[in-house]
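This briefing goes through selected local features of one model. Please keep the sequence and coordinates at hand while reading.

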Amino acid sequence: QVQLVESGGGLVQAGGSLRLSCAASGRTFRWYAMGWFRQAPGKEREFLAVISGSGSITDYADPVKGRFTISRDNSKNTVYLQMNSLKPEDTAVYYCAVSRHISSILVVTTLLEYDYWGQGTQVTVSS
């Protein structure tokens, strides 16, 4: 059974940083892209970043380009999201997810391309 467990969320002041972690089990994760998403109250879940199974390819949504960095450690089955220069509008529940496609180089950005999700971790940025 695939399980994803996020951690690292919390309360931070604007301009601060947080690093989220997502520990995965139940699948050979080096074969799958992994992504980060977020959902703010009253809004749809949105794509933030994705990293290929090999870790060689990444992609980011425009609102977080240059501020967030996705990385992974396949030896630990863990994906990370380093978030810098945080803004109040970054406040949301953050989710990691694993792609449904077996490929070490594929990156996907739409929700439907992911088949397992973590429970989410709250990030709150105060002004």
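The model is predicted, so local features are reported only at pLDDT of at least 70 and side-chain atom pairs only at pLDDT 80 or more, while totals for chains, interfaces and linings use all residues. Residues are numbered from 1 along each chain as its sequence is written, and side-chain values rest on heavy atoms, with hydrogens and water left out.

**Disulfide**

- The structure holds 1 disulfide, a term that stands for a pair of cysteine sulfur atoms within 2.5 Å.
- C22 and C96 form this bond, with their sulfur atoms 2.0 Å apart.
- C22 sits in strand β3 (residues 18-25) and C96 in strand β9 (residues 92-99), so the bond ties together parts 74 residues apart in sequence. Strands are DSSP runs of E with at least two residues, and helices are runs of H or I with at least four, numbered from the N terminus.
- The S-S torsion of C22 and C96 is about 55°, so the disulfide is right-handed.
- C22 is buried, at a relative accessible area of 0%, and C96 is buried at 0% as well. Buried means under 20% relative accessible area, exposed over 50%, and partly exposed in between, with a 1.4 Å probe and protein chains only.

**R27**

- R27 lies in the loop between β3 and β4 and counts as buried at 18% relative accessibility.
- A polar atom of the R27 side chain lies 3.1 Å from the backbone oxygen of S99. A polar contact is a pair of N or O atoms within 3.5 Å; within protein, one must be able to donate a hydrogen and the other to accept it, and residues adjacent in sequence count only if both atoms are side-chain atoms.
- Neighbours within four places in sequence aside, R27 is in contact (heavy atoms within 4.5 Å) with residues including V2, Y32, N77, D115 and Y116.

**Positive phi**

- N77, not a glycine, has a positive phi of about 50°. N77 belongs to the loop between β7 (68-73) and β8 (78-83) and is partly exposed at 25% relative accessibility.
- S85, also not a glycine, has a positive phi of about 50°. S85 is in the loop between β8 and β9 and is partly exposed, with a relative accessible area of 42%.

**A40**

- A40 lies in the loop between β4 (34-39) and β5 (46-51).
- Not counting residues up to four places away in sequence, A40 touches T91 and A92.
- A40 and C96 are 56 residues apart in sequence and 15 Å apart in space, C-alpha to C-alpha.
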